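Please look over the structure below and read the notes that follow it.

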Amino acid sequence: MKSVLKFILILSALALGFTFLFMFKAPENRIILNADQTADTISRHIYGHFSEHLGHCIYGGIWVGENSPIPNTRGIRNDVVAALKRLNIPNLRWPGGCFADEYHWMDGIGPREQRPKMVNTHWGGVIEDNSFGTHEFLDLCEQLGTEPYICGNVGSGTVEEMSKWVEYITFDGESPMANLRRKNGRDKPWKVKFWGVGNENWGCGGHMTAEFYSDQFRRYATYCRNYGDNKLFRIAGGPSSRDYHWMRTLMEKVPYRIMQGVSLHYYTVPKTWGDKGSATEFNESEYFTTIQKTLFMDELVTQHAKIMDQFDPKKQVGLVVDEWGTWYNVEPGTNPGFLYQQNTLRDALVAAINLNIFNNHCDRVKMANIAQTVNVLQAMILTKDEKMILTPSFYVFEMYKVHHDAALIPLNLSCEDYVVEDKKIPALNASASKDKNGVTHITITNINPNKQIDLTIDIRGMKVTSVNGKILTAKELNAHNTFENPEAVKTQDFKDFKLSGNTLFVKMPAKSVVMLKVK
Ligand code: AHR
């Protein structure tokens, strides 16, 4: 009798133990990857950039003029071109932004000393001398080996002005605009595919209603002609953030043969538009909000894509996220209209998350442009006179080059949460692709700044023979590069993983971005 009682007691204790274990078991951090099941191509244009006539993006950051002591080629900084070439930047958006809707392109052609000046009313009220215009921008694109993405003026321009700009740049025959181009020193036309028809026309681009802009777009886009074999990809000024009405109206009213893309703008602003927060001084709660607001991009893209699917189930119109990135208070002592901010490891995590989101939505997201390339907002590069530094965000773009035009491998990710106060978000974020040589790349971000995460990756559908890794991390979340210490944050080799058969056990350091190359 006693032994039966003992047996029952042991059994109950065991059952209790298992229940306890089950209830409080740490969630599994696991990725399942079917490497032989690829989906859409991740367009390289998702890795696009943006250079506006704003602060020191163009002037000082890119353009120094032919007589500058800073080494340049026809006025364009050699160091900046060489750095950007490391990123294989696929396209460059110009001249704005808000500047685009007050830019009159004819002021920026012909002999520089004769070009009229204007006031850049949006960005600091400074005098724009138009020394960097169409020829200079297209020269920059040629030096970079990148595709131009030009945004035309709808807000204060005319249909005729925009139509003539397309003719000036792309028409090969005898015509008033093609002849003017020849007179200005360029015989053969350039190729320009990406053409924006206005920018933020709900705001700085004219404060229009969705209905009014849709009609305007129909007029303007009609006269943006395809000359010869130059086929335009016309991009409508799309919604800001969650303005789903704007998206629905455009999709409903505009015939798709004249609209190949719709833009979306969404910035990560940690606090409020009045006090956005500092780029370098922030606490964990502000960091959490920054990441949480970045993750909102996934919801935005999903919801806008759903609306687009209703009207365009064949996905003929691309979603073009042509302004994204972090936006903080400007660095103390700098011109508030110049939007100059530092860039820390936090920005690198933001970049990695956004790029993973775009990759994972590449069936609809055909293009994206981080704002902006040099010295403005979430920049790749900061310059100070002749000096130049690369930001942590630069290194993310360099690591993620492996995804350019690769085939998305949808992955199944389960992970623990990163918890701050009473709020939580998934601690890991990832995307994967297979390139033209059959090599698989996985990019993973551990957003938890306090904890290493042990991650298991089950790779199915291929025989894994080798794995290499790169990592971007630092001791502090606000670590950043300065002109005095330009290499505080940069990519390193990553080896903290073990391969057993086709399973990869990865130790993801706290606050890190990792890229794994799997063969
Ligand atoms: O990137 C800075 C500005 O942000 C752009 O000019 C405008 O389009 C947006 O509001």
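## The disulfide and other cysteines

Cysteine 204 has a relative accessibility of 23% and therefore counts as partly exposed, where buried means under 20% relative accessible area, exposed means over 50%, and partly exposed lies in between, computed with a 1.4 Å probe on protein chains only. Cysteine 204 forms a disulfide with cysteine 98, the two sulfur atoms being 2.2 Å apart; a disulfide is here a pair of cysteine sulfur atoms within 2.5 Å, and by this rule the count comes to one disulfide. The torsion about the S-S bond of cysteine 98 and cysteine 204 is about -85°, so this disulfide is left-handed. The pair links distant parts of the chain, 106 residues apart, with cysteine 98 in the loop between strand S5 (91-94) and strand S6 (118-120) and cysteine 204 in the loop between strand S9 (194-197) and helix H6 (210-222). Helices (H or I, at least four residues) and strands (E, at least two) are DSSP runs, numbered from the N terminus.

Cysteine 98 has 11% relative accessibility and so counts as buried. Cysteine 224 is in no disulfide, and the nearest cysteine sulfur, that of cysteine 151, is 11 Å away. At 0% relative accessibility cysteine 224 counts as buried, and cysteine 362 counts as buried at 1%.

## Basis of the model

This is a predicted model, in which local features need pLDDT of at least 70 and side-chain atom pairs count only at pLDDT 80 or more, while totals for chains, interfaces and linings use all residues. Residues are numbered from 1 along each chain as its sequence is written, and side-chain values use heavy atoms, with hydrogens and water left out.

## Cis peptide bonds

The loop between S5 and S6 also holds proline 95, which is joined to tryptophan 94 by a cis peptide bond with omega of about 5°. A cis peptide bond with omega of about 20° joins glycine 96 and glycine 97, and glycine 97 is placed in the loop between S5 and S6.

## Helix H7 and its surroundings

Helix H7 (residues 244-253) has as its buried residues Trp246, Met247, Thr249, Leu250 and Met251. These buried residues pack against H6, strand S10 (233-236), strand S11 (261-268), helix H8 (284-311) and strand S12 (318-326).

The axes of H6 and H7 come within 9 Å and cross at roughly 40°; axes are lines fitted to C-alpha atoms, for helices over the stretch in contact, and angles run from 0 to 180 degrees between N-to-C directions. The contact, defined by heavy atoms within 4.5 Å, involves Ala210, Glu211, Tyr213, Ser214, Asp215 and Arg218 of H6 together with His245, Trp246, Thr249, Leu250 and Lys253 of H7.

## Helices H9 and H10

Helix H9 (residues 345-360) and helix H10 (residues 392-399) pack at an angle of about 30°, with their axes 7 Å apart. H9 and H10 are therefore roughly parallel to each other, a term for angles under 35 degrees. On the H9 side the contact is made by Leu345, Asp347, Ala348, Ala351, Ala352 and Leu355, and on the H10 side by Pro392, Ser393, Val396 and Phe397.

## Residues in loops and a strand

Histidine 56 is found in the loop between strand S2 (48-50) and strand S3 (72-73), and with a relative accessible area of 43% histidine 56 is partly exposed. Histidine 56 and phenylalanine 338 are 282 residues apart in sequence, yet their C-alpha atoms are 7.1 Å apart in space. Leucine 377, in the loop between strand S13 (365-371) and strand S14 (381-384), has a positive phi near 50° although it is a residue other than glycine, and at 2% relative accessibility leucine 377 counts as buried. Aspartate 385 likewise has a positive phi near 50°, but aspartate 385 is exposed, with a relative accessible area of 60%.

Methionine 508 is placed in strand S26 (residues 503-508) and counts as buried at 0% relative accessibility. Leaving aside neighbours within four places in sequence, methionine 508 is in contact with Ile444, Thr445, Asn446, Lys451, Gln452, Ile453, Leu455 and Val514.

Technical notes:
Angles under 35 degrees count as roughly parallel, over 145 as roughly antiparallel, 65 to 115 as roughly perpendicular and the rest as oblique.
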